[in-house]
Amino acid sequence: MGRRTRRRDGWQHRLYAALLPRFHQRYAPLVAERKRELLGGLSGTVLEIGAGTGANLPYLGRDVRWIGLDPNPYTPRYARESASRAGVAALFGSAVAEQLPAADESVDAVISTLVLCCVEDPGAALREIVRVLKPGGRFVFIEHVAAPEGTRTRRWQTLVLPLWKRFADGCHPNRETWRWIESAGFARVRYDRFRLPMPIAGPHMAGEAVKQGAIG
Ligand SMILES: C[S@@+](CC[C@H](N)C(=O)[O-])C[C@H]1O[C@@H](n2cnc3c(N)ncnc32)[C@H](O)[C@@H]1O
């Protein structure tokens, strides 16, 4: 029996998918260097959760087999165009990160960019990521996160949460995502915290976590 998730076939989700590429016109240059560093070395089967419109495809090697999953049914048409421009072999599916349609230990890497803020259950999503990774597989992430406690940005993040969640597809600007990643049972986790010049969602983290076991 599948996990019950909220409906995503309304006009808001169609609009959200259409606006994502526009958002990336401004956002992509801010994280391009980090994406080159984190995504450029991935190989084999790479599963991306919340793949959206395929903003990460240009950073992947052409030998990667990419599986892009997203619960928004309006995103694959944009992601398909990105995959063909990037020349990457791509498969698309509709799924939430909390319930991945992939076998245990079946993928070499999992990517998440700006997704762990949106998932309803970050603990379940991370359990699924660990489950589908091969031993030694890498989870690579760039996420916007909570600002340090006691800061003005953190107070704003908390204040706007109800509206932000409603209009940004369930996104939690004040989520302490590092806590979820650190406690997910990876053998090794490394990341940096940094701030981008954006209101509310400026605080970010980027890095990778490696699953216990031999590098596959
Ligand atoms: C801000 S967008 C980021 C898209 C893409 N990763 C990027 O960097 O452009 C957040 C994405 O997460 C997806 N999403 C929302 N809830 C999700 C969930 N529970 N599991 C997986 N993806 C989810 C949304 O449909 C949306 O495409």
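1. The radius of gyration is taken over C-alpha atoms, and the globule rule used here is 2.2 Å times the number of residues to the power 0.38. With 216 residues, a compact globule would have a radius of gyration near 17 Å, and the protein, at 16 Å, agrees with this. Taken along the principal axes, the C-alpha atoms fill a box of roughly 45 × 40 × 35 Å.

2. This is a predicted model, in which local features need pLDDT of at least 70 and side-chain atom pairs count only at pLDDT 80 or more, while totals for chains, interfaces and linings use all residues. Residues are numbered from 1 along each chain as its sequence is written.

3. The secondary structure comes to five helices and seven strands, where helices (H or I, at least four residues) and strands (E, at least two) are DSSP runs numbered from the N terminus. Read along the sequence, the pattern is α-β-β-α-β-β-α-β-α-α-β-β. Among contacts (C-beta atoms, placed from the backbone, within 7 Å) between residues at least 6 apart in sequence, 67% join residues at least 24 apart.

4. Leaving aside neighbours within four places in sequence, Val46 is in contact with Leu60, Val64, Arg65, Trp66, Val107, Asp108, Ala109 and Ile111.

5. The ligand is surrounded by 21 residues, the closest being Gly50, Gly52, Asn72, Ala97 and Thr113; a residue is near the ligand if its C-beta atom, placed from the backbone, lies within 6 Å of it. By class, this shell has eleven nonpolar, six polar and four charged residues, with Ala, Val, Leu, Ile, Met, Phe, Trp, Tyr, Cys and Pro counted as nonpolar, Asp, Glu, Lys and Arg as charged, and the others, Gly among them, as polar.

6. Asp169, in the loop between helix 4 (152-167) and helix 5 (177-182), has a positive phi of about 55 degrees although it is not a glycine. Ile200, in the loop between strand 6 (188-195) and strand 7 (203-210), likewise is not a glycine and has a positive phi of about 60 degrees.

Conventions. Contact = placed C-beta atoms within 7 Å.
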